[in-house]
There are 2 protein chains.
Amino acid sequence: MNFGVFGTGIVGTTLATKLVSQGHKVIMGARSATNEKAAEWVKKNGPKASQGTFEDAALNSDILLNCTKGEATLQVLKLAGEYNLDKKILIDVSNPLDFSKGMPPTLTVCNTDSLGEQIQKQYPLTMVVKTLNTMAAPVMTNPRMLPGFHVIFLCGNDANAKEIVGDILITFGWKKEEILDLGDITSSRGTEMLLPLWLRIMGTLKSGAFNFNVVK
Amino acid sequence: MNFGVFGTGIVGTTLATKLVSQGHKVIMGARSATNEKAAEWVKKNGPKASQGTFEDAALNSDILLNCTKGEATLQVLKLAGEYNLDKKILIDVSNPLDFSKGMPPTLTVCNTDSLGEQIQKQYPLTMVVKTLNTMAAPVMTNPRMLPGFHVIFLCGNDANAKEIVGDILITFGWKKEEILDLGDITSSRGTEMLLPLWLRIMGTLKSGAFNFNVVK
């Protein structure tokens with residue numbers, strides 16, 4: 001499968017590197033086709049790794065990963081082009097964090113709406129699956145770095161798309177029983193609103209190397 | 001110790017019953033000194049259990065528990081009387097849920113503020129400790145009904161008050177290592193904003209008999 005990754009930060013490069021290591025072709029998308037961070041990543045990750053604009057990444061990929069900052073996401077998707085997003089799975093890893101008012105950040109959207117929902121509403125033919133947004137990047141692709149059972153949430157309107165994304169998560173090391181399908185894309189509100197607590201726990205533990213489990 | 005409990009719902013009665021069973025005197029507070037639910041609870045729980053108005057409960061208690069609905073909390077505390085709340089520990093178990101727009105509920109306050117903070121701001125001489133609000137009532141007083149390790153959060157400005165509340169939680173069956181102090185009362189934002197996710201998980205599991213763990 002060909003993957004397009006929007007965003008050259010720690011989340012984007014961690015996920016892109018994992019996918020390349022699994023033998024997938026990955027295009028790292030950025031505003032510029034010659035983005036330096038993307039170029040550096042391509043250099044490190046061999047022939048299956050390439051770079052391009054957001055539009056290039058969307059056009060030439062089967063599955064897309066949105067790893068941009070929440071404040072940039074909607075603009076990035078516009079640059080990617082609606083036609084290039086249609087009928088594709090978009091794995092939305094972003095969180096609508098607002099760092100402009102200092103730490104800890106607040107959310108730009110929450111409670112009665114979410115970024116996941118905004119994306120789905122704006123791109124109705126895209127199959128948005130919100131996941132991976134409730135943990136630090138290293139845990140996303142290496143869940144077994146933490147001991148025992150812990151959970152990852154899936155939110156989205158398309159059951160088939162969620163199944164495909166679940167299968168990808170399993171290749172990352174997630175156990176099938178750790179994947180918790182919360183329902184449609186409106187459940188993104190819950191997972192995005194977990195971020196303020198996540199950030200406080202990170203402050204308390206002085207580490208992002210943790211994840212939530214649901215004990216029942 | 002004498003406890004005053006505001007709120008005669010499942011949370012209030014569960015906590016009040018546990019405290020009475022431990023030998024504490026508990027006054028169940030309500031709008032009316034003859035509230036029927038409170039009377040029923042008193043009848044069941046013997047000589048250490050009594051009932052009164054919110055004011056009675058606050059006046060005659062060392063430690064207060066706010067188990068009212070979030071939408072009623074500030075009005076209830078007003079009825080309890082500022083002077084009766086001064087220099088007392090108020091364990092705030094409430095969540096600012098708004099059921100008026102249908103299910104799932106939204107929050108009446110979140111993101112840049114929280115109900116815990118609003119209470120603390122309005123009653124600066126009260127030592128507000130936000131805790132217990134991230135789980136169903138049966139888990140609060142019987143954490144060992146769930147297998148293994150899981151967590152309970154503490155938020156509050158007064159370290160001594162948090163220690164006292166932590167000790168009470170330990171008598172409920174919580175392990176010291178399960179009590180996660182998130183810092184000052186502003187961290188209530190994080191725990192209150194967990195509710196939308198909690199409700200979605202309850203919907204998925206079709207049960208409220210669960211709690212979060214932080215795996216690290």
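A residue counts as buried here if 20 or more other C-beta atoms lie within 10 Å of its own, and the legends below apply that term to a predicted model.

**View 1. Strand β8 of chain B, covered on both faces.** In the predicted model, strand β8 of chain B spans residues 127-130, with B:M127 and B:V129 on one side and B:V128 and B:K130 on the other. These four residues are all buried, and both faces of the strand are therefore covered.

**View 2. The parallel pairing of β5(B) with β8(B).** Strand β5 of chain B, which comprises residues 89-92, pairs with β8(B) in the parallel sense, and four bridges are found over this pairing. Within it, B:I91 has B:V129 of β8(B) as its bridge partner, and B:V129 is one of the buried residues of that strand.

**View 3. The antiparallel pairing of β8(B) with β9(B).** Strand β9 of chain B, residues 152-156, runs antiparallel to β8(B), and two bridges join these strands. The bridge partner of B:K130 in β9(B) is B:C155, and B:K130 is itself buried, on the side of β8(B) that also holds B:V128.

**View 4. Chain A as a whole, for context.** The secondary structure of chain A consists of 10 helices and 11 strands, and its C-alpha atoms fill a box of roughly 45 × 40 × 35 Å along the principal axes. The radius of gyration of chain A is 16 Å, which agrees with the value near 17 Å that a compact globule of 216 residues would have. Buried residues make up 50% of the 216 residues in this chain; of its contacts with a separation of 6 or more, 72% are between residues 24 or more positions apart.

How values were computed
Residues are numbered from 1 along each chain as its sequence is written. Chains are lettered from A and ligands numbered from 1 in the order in which they are written. This is a predicted model: local features need pLDDT of at least 70, side-chain atom pairs count only at pLDDT 80 or more; totals for chains, interfaces and linings use all residues. The radius of gyration is taken over C-alpha atoms; the globule rule is 2.2 Å times the number of residues to the power 0.38. A residue is buried if 20 or more other C-beta atoms lie within 10 Å of its own, exposed if 12 or fewer, and partly exposed in between; C-beta atoms are placed from the backbone. Two residues are in contact if their C-beta atoms, placed from the backbone, lie within 7 Å. Two strands pair if DSSP finds at least two bridges between them.
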